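Visitor: Hi! I'm new to looking at structures like this. Could you walk me through one?

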There are 2 protein chains.
Amino acid sequence: MARKKSLDEVRPGQGDDASSRRAPMREFSRSLPMSLLRAREAVMRQFRPSLRNHGLTEQQWRILRALTAVDEIEVTELARVAFLLGPSLSRILRDLEARALIERKAAENDARRAVVSISAKGLKLIEAVAPTSEAIYAEITRRYGARRLAELHEMLGVLEASLAGMGSADGAEVEAEE
Amino acid sequence: MARKKSLDEVRPGQGDDASSRRAPMREFSRSLPMSLLRAREAVMRQFRPSLRNHGLTEQQWRILRALTAVDEIEVTELARVAFLLGPSLSRILRDLEARALIERKAAENDARRAVVSISAKGLKLIEAVAPTSEAIYAEITRRYGARRLAELHEMLGVLEASLAGMGSADGAEVEAEE
DNA sequence: GGAATTCACTTAACATGTTAATCATCTCCC
DNA sequence: GGGAGATGATTAACATGTTAAGTGAATTCC
């Protein structure tokens, strides 16, 4: 299905002046990844200064935040919950442990697995940041509207679900799982 | 053998009589930044393999894509359009220029400004990638629904606009510029 | 007309994203 | 029980995100 160049033959005269260069694909601002990126950045821009004042990055905050919801958790599971890739998580955990914000031990029955939990110091830090964070979130909700916000969440969830089973699609290899 | 556990199945409900551990904040999965991040990742996951096959990263693609829409453009304006920070753009332009995918010259009346344009080679690369990219985008639209997609764009735009004037809010300094 | 300031990048430094490779277990199966 | 393969976590290598500092060129203001 690849050799179909009918798309729009990205080959106008291109000859002389500017105006002959027509938009080759979708208008840039209408690209879905771009819209999502811009929206997310608009939101994160609100939180970053506060986090920074407490010496935390967005990802470090995500991890600590996830840890407050459980007693302890394995690294792989934490990666899934905090939506981080393994290598990023490894680095961040190393730093957080060095700062004594988390604790880490080996799993009882499997020496490969590591179990992580938040420390008292980490909990204290969370408590220090939470009020500001909540206030910002409340302001965002106020501005955007609680109903609309819920609707957006819903639509994003559906989008994720819609794309769930979509393969790579280029050198698409979706071989059956034996 | 170890079939992929459905997401809900793995969710650490965590006893949760653990009322000693008071609910820290909003449930993690309901965090807006997280929802946006997950949605965007679900979308980008579809495009990355194809781009990679052509030796392009997402950001490099964004830049080349933006350049096809104009004859030439100043670096600052390109940063705004492609939604990249200056430093990232500097690095990427250096690489793209080394690969002869773009061309760069100084502005006529202002030696500080640089003007960038896509090269013939760059245009050729775009043409090679575009069909696959468009096919993926079409499939996403088909799965999610064109109407719903438009609605999502709209809501994301409104979100961005809603947050436009919101200050840092921590050590918030939005003093009038006297 | 020249010092101070602003402006358009660019570098620097550190943290994360992304993919591939490595390492140490663990499991399975003969 | 021992070796092949799978698994959990880390390390490596490169690209980008993010903030701060640097550089050279224009602008402002006295």
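Visitor: Which element gives the largest share of the surface near DNA strand D?
Guide: That is H5(B), with four residues. Keep in mind that this is a predicted model.

Visitor: What part of the DNA strand D atoms within 4 Å of the protein is sugar or phosphate?
Guide: Sugar or phosphate accounts for 66% of those atoms, and bases make up the rest.

Visitor: Which side chain has an N or O atom 2.9 Å from a phosphate oxygen of DNA strand D?
Guide: A:Ser90 does. A:Ala114 uses a backbone N or O atom instead, 3.0 Å from a phosphate oxygen. On chain B, the side chain of B:Gln59 has an N or O atom 2.9 Å from a sugar or linking oxygen.

Visitor: Switching topic: what is the strand order in the chain A sheet?
Guide: The order is E1-E3-E2, in an open sheet of three strands with antiparallel pairing. E1 (73-74) and E2 (102-106) are the edge strands, each pairing on one side only.

Visitor: How many bridges join E1(A) to E3(A)?
Guide: Two, and the strands run antiparallel. A:Glu74 stands opposite A:Val115 in E3(A).

Visitor: Which helix packs on that sheet?
Guide: H4(A) does, touching E2 and E3 of chain A. The direction of H4(A) makes about 115 degrees with that of E2(A).

Technical notes:
Residues numbered from 1 in each chain as written. Chains lettered and ligands numbered in written order. Predicted model: local features only at pLDDT ≥ 70, side-chain atom pairs only at ≥ 80, totals over all residues. Heavy atoms only, no water. Near = heavy atom within 4 Å. Polar contact = N/O pair within 3.5 Å; in protein donor to acceptor, adjacent residues only side chain to side chain. Pairing = 2+ DSSP bridges. Contact = heavy atoms within 4.5 Å. Axes fitted to C-alpha atoms, helices over the stretch in contact; angles between N-to-C directions.
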